[in-house]
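Work through the exercises below with the sequence and the model at hand. Each task is followed by its solution.

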Amino acid sequence: MNRLARAATPIERATSLLAFGMIGAVRRMPRLRALAAGERLGDVARALGIRRAVAERNLELAFPERPASERAAILREHYRELGRVCVEYARLGELARSAPGEVIAEVRGEEHLNAAHALGRGVVIVTGHVCNFELAGAWVARSRPLDFVVKPLSNPEIERWIRARRQELGVGQIEVGAGVRAVFAALQANRCVAFLADQDARRHGVFVPFFGRLASTPVGPAAIALRRGAPLVVAFARRLPDRRQRIEFHPPLSVENPGAPDAALRLTALHTALLEARIRERPADWFWLHRRWKTTPP
């Protein structure tokens, strides 16, 4: 059954009521006050231990050379960043339509995205769960057609709400599992297609280095870009000290012998290396609550 068509379970319904109540409260707050409330929400989630053991283990794997106190400080700030992102979802449309410099402080490397889009072959944008990627996507969609490749949430009511917010902002949505035809059609129409390619891909991915360990990583973005001949641009959001965000676009990635059997693996390794470098700059921005190294190499 289509998960959007089915009725929510009692637990999902209760979760939705709580979430929508929070959304209503946050919308009535000034932006900085709302972000402060989000930080407190993150503190509560950390105190309750929500996936804290997973995050602590991930930080141990990624930063074994750092003292435990430093990793604990990273984790504390990370939960606060998750809280900020949650409250920003509540007013995503308002934030995306804000005046230049008000919420998005600056954009770096936009010329790389412009040049890639001007080729007329569509653009594969690769990003990760870093800060508020939805807000960055909404910024792209203000001047270019954009689709996010996403895995729908299990809660149908919250999924419908998020889908409606993306639609209001002009952001299209291609569901994971819909097949590559939808992605190819979007690229054929010279649309930008954004992938979150930083979570465990199980046995469907390729193993590339990530913080000194091989990690199963989605190969789809690289394989599609190579097959379509579309440029692959890596982009990240960055939280600034004043709580605004900066969007950064890297030059399109390329590999030698793009027709070789291992070309997609090599291209995947390149964009994963950029993600690792970005995380090392400010570890608290990345989503540590996911079991990134869950799948072991064969």
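Two residues are in contact when they have heavy atoms within 4.5 Å of each other. The model is predicted.

**Exercise 1.** Determine whether Thr268 is buried or exposed, and list what surrounds it.

Solution. 
1. Locate the residue: Thr268 belongs to helix 11, which spans 263-281.
2. Apply the cut-off: buried means under 20% relative accessible area. Thr268 has 0% relative accessibility and therefore counts as buried.
3. Set aside neighbours within four places in sequence; Thr268 is then in contact with Val206, Val208, Thr217, Pro218, Val219 and Ala222.

**Exercise 2.** Find which residues of the largest nonpolar core touch the most other members, and which element gives the largest share.

Solution. 
1. This core has 42 residues, and those touching the most other members are Val124, Val183, Phe210, Phe211 and Trp288.
2. Elements giving two or more residues include strand 2 (123-127), helix 9 (180-188) and strand 8 (232-239).
3. Helix 11 supplies the largest share, 5 residues.
4. Take Val124 as an example: beyond four places in sequence, its contacts include Leu187, Val193, Phe195 and Ala225.
5. Another core, of 38 residues, lies apart from it; Leu35, Leu92, Leu135 and Leu169 are among its members.

**Exercise 3.** Where is Arg202, and is it exposed or buried?

Solution. 
1. Arg202 sits in the loop between strand 5 and strand 6 (206-210).
2. Its phi is near 55°, a positive value in a residue other than glycine.
3. Exposed means over 50%; Arg202, at 55% relative accessibility, therefore counts as exposed.

Notes:
Residues are numbered from 1 along each chain as its sequence is written. This is a predicted model: local features need pLDDT of at least 70, side-chain atom pairs count only at pLDDT 80 or more; totals for chains, interfaces and linings use all residues. Side-chain values use heavy atoms; hydrogens and water are left out. A nonpolar core is a set of buried Ala, Val, Leu, Ile, Met, Phe, Trp, Tyr and Cys residues joined through side-chain atoms within 4.5 Å. Buried means under 20% relative accessible area, exposed over 50%, partly exposed in between (1.4 Å probe, protein chains only). Helices (H or I, at least four residues) and strands (E, at least two) are DSSP runs, numbered from the N terminus.
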